[in-house]
Protein chains: 2
Amino acid sequence: MLAEIITIGDELLIGQVIDTNSAFIAQELNGIGASIYQITSIQDDKAHILQAFKDAESRVDIIIITGGLGPTKDDITKKTIAEYFDDTLVRDAAVTKNIEAIWKKYVRQNLLQVNRDQALVPSKATVLMNELGTAPGMWLQKNNKVFIALPGVPFEMKKLIVNKVIPKLKETYKFPFILHKTLLTYGLGESTLAQRIEDWENALPETIKLAYLPSLGSVRIRLSSKGNNAQEVKANIQAEIDKVVPLIKDVFVGFEDEVQSLELMIANKLIAAGKTLAVAESCTGGTIAEQFTQHAGASAYFNGGVVTYATASKIKVLGIDKTLIDTHSVVSAPVAEAMAKNVRELFNADYGVATTGNAGPSKGESDAEIGNVFIAVATKDCVVSASFMLGSARQRVIKKAVNKALEMLETEILKP
Amino acid sequence: MLAEIITIGDELLIGQVIDTNSAFIAQELNGIGASIYQITSIQDDKAHILQAFKDAESRVDIIIITGGLGPTKDDITKKTIAEYFDDTLVRDAAVTKNIEAIWKKYVRQNLLQVNRDQALVPSKATVLMNELGTAPGMWLQKNNKVFIALPGVPFEMKKLIVNKVIPKLKETYKFPFILHKTLLTYGLGESTLAQRIEDWENALPETIKLAYLPSLGSVRIRLSSKGNNAQEVKANIQAEIDKVVPLIKDVFVGFEDEVQSLELMIANKLIAAGKTLAVAESCTGGTIAEQFTQHAGASAYFNGGVVTYATASKIKVLGIDKTLIDTHSVVSAPVAEAMAKNVRELFNADYGVATTGNAGPSKGESDAEIGNVFIAVATKDCVVSASFMLGSARQRVIKKAVNKALEMLETEILKP
């Protein structure tokens, strides 16, 4: 059972907007056993849309379309779908009600005719009611194939996929079982890691596909398999995991679906232990705090943080000794250690994490080389620090520093 | 002159990775006059890659391929390109040298045969040297069409596009001139805005395409045009801008290519005025600080910030009066105002910005409704605050609150 995603919008083709919808849809469809054969992004152009529909229909069973359903003139997806299905647009009473309700609740401006006309849908379409917006989702079947059109607004699209599209697909089709298990590793390069597990990789059964996903300081190893017997697929993947984990146990930190990210893994460990955290950020500028607080439940363990960007604020807000800064420079291990120690105390936390460094592109209030970052973690009993050279591209330096800080914090938390 | 982008990798089709490369490439190609006709994401599958190459070649002149050039067995793009061009792989001496140099500088682990083999390239290819990584870019011409293969690592791909691909494309082809001008507006809904400028939109010449891009609290209006005479294209777009700006002057904040984002616009204004900023964040958890510090040069105006997530830290770190919190609740206008005032003083800044609210999904240390956020901006002379209801989805509440805080800060900065 194959699917394709077609995302429509000039903004995608000129690079003004990144297509984040496709990854979400692909994950959700994989979750019920539908594989994505291709993702295609095209312009708001009638001829091209019609051709893309035809091409996709020739290859797969399920075609999911996002974008081009807005109220303004540049949005032509709905009309083009009607043309493809040789259909006309009719006004849907339930959608009209939904639009009026949304307008009443969220919008203080007048309900315009273009908004009312969002209730026009192809007569052959089953409406997938969009409770979060005025553009309805639409489900149209043709020659045993289904076209599903959704608004491009990620928030609205996601709710429609989860609450309407996935249940309806499960009712309509029989899917196999797809399983991806991704192992997160930190500290070894992609090819060195691959060499270490080469014998295991060569002996993998044909039904299991392996992929390496390197990124800043970490490599993810993904095992994928598909089959009609879910128990068998799970058992086969588990058997391989049981073989590979002992080979990489020094660099393996967990499974992606369980930890999702290092900060969530840390969050879970802190919550379980009833411990708390505070961060003092210089070069990472709030990004570590943001990593934790973006997730619900952060208030259970995240006491707070300071972004002491200027040297003066390190002294005034964090109480760092000016002599220490003058002696060692503001970008130094002793300053990182003092920051970690002081922020821990300031926020009454169990763990204090601090960063000070030069993210570039120009030198700041220190002589530190661009890319040089000092990170420290303080606990009740000790302070550890380390120095890193993280390249010269500002946003990569920041991201790598955040990852290193999380790694160091995790190491401290795991200590008995 | 049309181009297509083909991104290769199973991780894209299962939704594990979002394709951010295509948007960057599209922007760069638009910059020299090459329009992107289609973006296609496909799996690491030989038959599918060959078919996608053939389809793209039938439609456009320039085919840019990213991904699948790594050293591990799951990467098959290079071999498949050699097959498509009926070619063999040969070892390139310059690429070998580059790999050895990178290994020596950045990698402490052994140089393996799989890394050495990244110097194998199709004999018909012109190598585009990748100074940041071991996978070389490749340029292959066929029937007056060009295939350009680049590594999928965004950092490496970007440098190759800017330094190698764009100059070589400009040498090889003659391109028209493409211009996009995007007007940023805040405060009006998409359809209300469209209604207000309807007469202007209906009178637009056929050579200019208009698009509306709504997002959280803002709508972008994009005008696009293309032609062989750059001066004429620019003048035509400018004439329309001169007509539309007076119609929307109450909600128009600037052009996207000039301000890129509200925080950069604020940054520029602060730097020009020699003023400084400090932020006290509760529900936004460091995201406002991160917005500013992600950009180079933040140290010129960003003194720092605190993330006082817990009520206790608001009292201890920011010195908020406990009675004030007990009287009004921690999520209230008076507390937001006190936070803005105190953080401004703590960091010796000209402007203080503060947020306190409930981002959800559950209620925190207050009785505030989920989605209720108070934002305050303090200057030497006054403190302003406002209350917002920002929905119920945590990450959207945070983003909307950040946008509202930036809007309020901008309003204060613009005051004479």
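**Notebook: the A–B interface and the sheet that crosses it**

I began with polar contacts and counted 42 residue pairs between chain B and chain A, both at pLDDT 80 or more. A polar contact here is a pair of N or O atoms within 3.5 Å; within protein, one must be able to donate a hydrogen and the other to accept it, and residues adjacent in sequence count only if both atoms are side-chain atoms.

A note on the ground rules: this is a predicted model, in which local features need pLDDT of at least 70 and side-chain atom pairs count only at pLDDT 80 or more, while totals for chains, interfaces and linings use all residues. Residues are numbered from 1 along each chain as its sequence is written, chains are lettered from A in the order in which they are written, and side-chain values use heavy atoms, with hydrogens and water left out.

**Interface**

Next I asked which element of chain B gives the most to the side that touches chain A. I found strand 2 (residues 35-42), with seven residues. Strands (E, at least two residues) and helices (H or I, at least four) are DSSP runs, numbered from the N terminus.

That side of chain B divides into 36 nonpolar, 36 polar and 21 charged residues. Nonpolar covers Ala, Val, Leu, Ile, Met, Phe, Trp, Tyr, Cys and Pro; charged covers Asp, Glu, Lys and Arg; the others, Gly among them, are polar.

I then looked for salt bridges (a side-chain nitrogen of Lys or Arg within 4 Å of a carboxyl oxygen of Asp or Glu). There are two between the chains, and one of them joins Lys209(A) to Asp10(B) at 2.9 Å, N to O.

For contact (heavy atoms within 4.5 Å), I have 93 residues of chain B against 93 of chain A.

Two strands pair if DSSP finds at least two bridges between them.

Where the chains meet, strand 14 of chain A and strand 14 of chain B (residues 302-307 in each) pair antiparallel over three bridges. Val306(A) has Val306(B) as its bridge partner.
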